[in-house]
Amino acid sequence: QVQVVESGGGLVQPGGSLRLSCAASGSIISITAMEWYRQAQGNQRELVAGITSGGSTNYADSVKGRFTISRDNAKNTVYLQMNSLKLEDTAVYYCKADLLSRDGRWYRSWGQGTQVTVSS
């Protein structure tokens, strides 16, 4: 059994910063890609940023230069540092991890989401 849990969301003013965390736990052997998605009300879920086990990263054009994704492999945790937040960054942010469990199966596990609200 594996679990992915996000934390760190909240209310912030435009121009402010937040740091999201996502920890995977359970019978995990390894994790390959870890990604952050977001879904604003009325919109489809979209990829925000991703990072491989080797540290290669990719970002949506809308967040390049403002958001930074990083991971701590020893802790099975991925972070999303969000700076210069804009009103349009308001959404529920979800973490996804592709992982190999000790039962020999690969899982694509999603967290429950954390709300980020940018408002003055």
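Select Cys22 and Cys95 to begin: both are buried, a word that here stands for under 20% relative accessible area, with exposed meaning over 50% and partly exposed anything in between, using a 1.4 Å probe and protein chains only. Before going further, note that this is a predicted model, in which local features need pLDDT of at least 70 and side-chain atom pairs count only at pLDDT 80 or more, while totals for chains, interfaces and linings use all residues. Residues are numbered from 1 along each chain as its sequence is written, and side-chain values use heavy atoms, with hydrogens and water left out.

Stay with the two cysteines and show their side chains. Cys22 and Cys95 form a disulfide, with their sulfur atoms 2.0 Å apart; the term requires a pair of cysteine sulfur atoms within 2.5 Å, and by this rule the count comes to one disulfide. The link of Cys22 and Cys95 is left-handed, with -75° about the S-S bond. This pair joins distant parts of the chain, since Cys22 lies in strand S3 (residues 18–26) and Cys95 in strand S9 (residues 91–101), 73 residues apart. Strands, like helices, are DSSP runs numbered from the N terminus, a strand (E) having at least two residues and a helix (H or I) at least four.

Next, select Tyr37 and Trp110. The count of aromatic pairs is one, and Tyr37 and Trp110 form that pair, which is tilted, at 4.9 Å centre to centre with 55° between the planes. Rings of Phe, Tyr and Trp (its six-membered ring) pair if their centres lie within 6.5 Å, and planes under 30 degrees apart count as stacked, over 60 as edge-to-face and the rest as tilted. Here too distant parts of the chain are linked, with Tyr37 in strand S4 (residues 28–39) and Trp110 in strand S10 (residues 106–110), 73 residues apart. Tyr37 is buried because its relative accessible area is 16%, whereas Trp110, at 36% relative accessibility, counts as partly exposed.

Two arginines come next. Arg19 lies over the face of Tyr79, at 4.0 Å from the ring centre, and the charged end of Arg45 sits over the ring of Tyr94, 3.7 Å from its centre; the rule asks for NZ of Lys or CZ of Arg within 6 Å of the ring centre and within 35 degrees of the ring normal.

Finish at Thr114, which is found in strand S11 (residues 114–118) and is buried, with a relative accessible area of 12%. The side chain of Thr114 reaches the backbone nitrogen of Gly9 at 3.2 Å. Not counting residues up to four places away in sequence, Thr114 touches several residues, including Glu6, Leu20 and Tyr93, where contact means heavy atoms within 4.5 Å.

Key. A polar contact is a pair of N or O atoms within 3.5 Å; within protein, one must be able to donate a hydrogen and the other to accept it, and residues adjacent in sequence count only if both atoms are side-chain atoms.
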